[in-house]
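The sequence and structure come first.

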Amino acid sequence: MLAHSVFFRLKDRSPAAVARLVEGCRTHLAGHPGELVFAVGTCADYDREVNERDWQVALHIVFDSHAAHDAYQQAERHEIFIAEHADAWERVRVFDADLSVCQARGGCAPRQVTRRRETEMSPPKHTSTSCRGRRGRRW
């Protein structure tokens with residue numbers, strides 16, 4: 001699996017400009033072949049020393065393979081998104097990461113992931129609302 005994370009810093013940081021980019025992401029970047037997860041949102045209201053806050057919109061897509069990501073990069077809808085929104089960007093940072101699957105309390109081990117329909121997915125095993133790691137450390 002490949003996680004494709006993009007952080008956008010906008011020239012115009014108004015709520016309307018942020019909403020336009022979020023909607024553009026939803027319209028043009030969701031639902032591509034091979035997407036396992038699509039998420040778009042805004043900078044969380046956390047004022048912690050470790051948080052970088054110099055961006056307004058974050059896009060996170062998890063693909064089932066590098067090939068799916070590569071096809072997405074060349075897709076017409078991706079190109080339309082860039083053409084419609086690139087002038088609004090002051091800076092774009094892209095982070096791509098290879099992922100392995102972990103269970104919340106079962107540890108991590110690389111394994112094959114198959115795409116399932118959303119209605120067939122089981123709820124997460126970890127239901128705690130706290131932000132604590134396996135050894136009780138706060139993230």
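Helices (H or I, at least four residues) and strands (E, at least two) are DSSP runs, numbered from the N terminus. The model is predicted: local features need pLDDT of at least 70, side-chain atom pairs count only at pLDDT 80 or more, and totals for chains, interfaces and linings use all residues. Residues are numbered from 1 along each chain as its sequence is written, and side-chain values use heavy atoms, with hydrogens and water left out.

**Overall layout**

- The protein contains 3 helices and 6 strands, and along the sequence these follow the pattern β-α-β-β-α-α-β-β-β.
- Of the 139 residues in the protein, 29% are buried; buried means under 20% relative accessible area, exposed over 50%, and partly exposed in between (1.4 Å probe, protein chains only).
- Among contacts with a separation of 6 or more, 69% join residues 24 or more positions apart; contact means heavy atoms within 4.5 Å.

**Packing of H1 and H3**

- Two packed helices are described by the angle between their axes and the distance between the axes.
- Helix H1 (residues 15-29) packs with helix H3 (residues 76-85) at an angle of about 160°, and their axes are 9 Å apart.
- Axes here are lines fitted to C-alpha atoms, for helices over the stretch in contact, and angles run from 0 to 180 degrees between N-to-C directions.
- H1 and H3 are therefore roughly antiparallel to each other (angles under 35 degrees count as roughly parallel, over 145 as roughly antiparallel, 65 to 115 as roughly perpendicular and the rest as oblique).
- Their crossing is right-handed, a term used if the near helix is turned clockwise from the far one by less than a right angle, with anticlockwise being left-handed.
- On the H1 side the contact is made by Arg-20, Leu-21, Gly-24, Cys-25, Thr-27, His-28 and Leu-29, and on the H3 side by Arg-77, His-78, Ile-80, Phe-81, Glu-84 and His-85.
- The residues of this contact comprise 5 nonpolar, 5 polar and 3 charged; Ala, Val, Leu, Ile, Met, Phe, Trp, Tyr, Cys and Pro count as nonpolar, Asp, Glu, Lys and Arg as charged, and the others, Gly among them, as polar.

**Histidines of H3**

- His-78 is located in helix H3 and is buried, with a relative accessible area of 8%.
- Not counting residues up to four places away in sequence, His-78 touches His-28, Leu-29, His-32, Tyr-72 and Gln-73.
- His-85 also lies in helix H3 and counts as buried at 12% relative accessibility.
- Neighbours within four places in sequence aside, His-85 is in contact with Arg-20, Leu-21 and Gly-24.
- The C-alpha atoms of His-85 and Leu-10 are separated by 10.0 Å, with the two residues 75 apart along the chain.

- Leu-21 lies in helix H1 and counts as buried at 3% relative accessibility.
- Apart from neighbours within four places in sequence, Leu-21 contacts Phe-8, Leu-10, Val-57, Phe-81, His-85 and Trp-89.
- The largest nonpolar core has 17 residues, and those with the most contacts inside it are Phe-8, Leu-21, Cys-25, Val-57, Leu-59 and Phe-81.
- Strand E1 (2-10), H1, strand E3 (57-63) and helix H2 (66-74) each supply at least two residues of this core, and the largest share, 5 residues, comes from H1.
- A nonpolar core is a set of buried Ala, Val, Leu, Ile, Met, Phe, Trp, Tyr and Cys residues joined through side-chain atoms within 4.5 Å.
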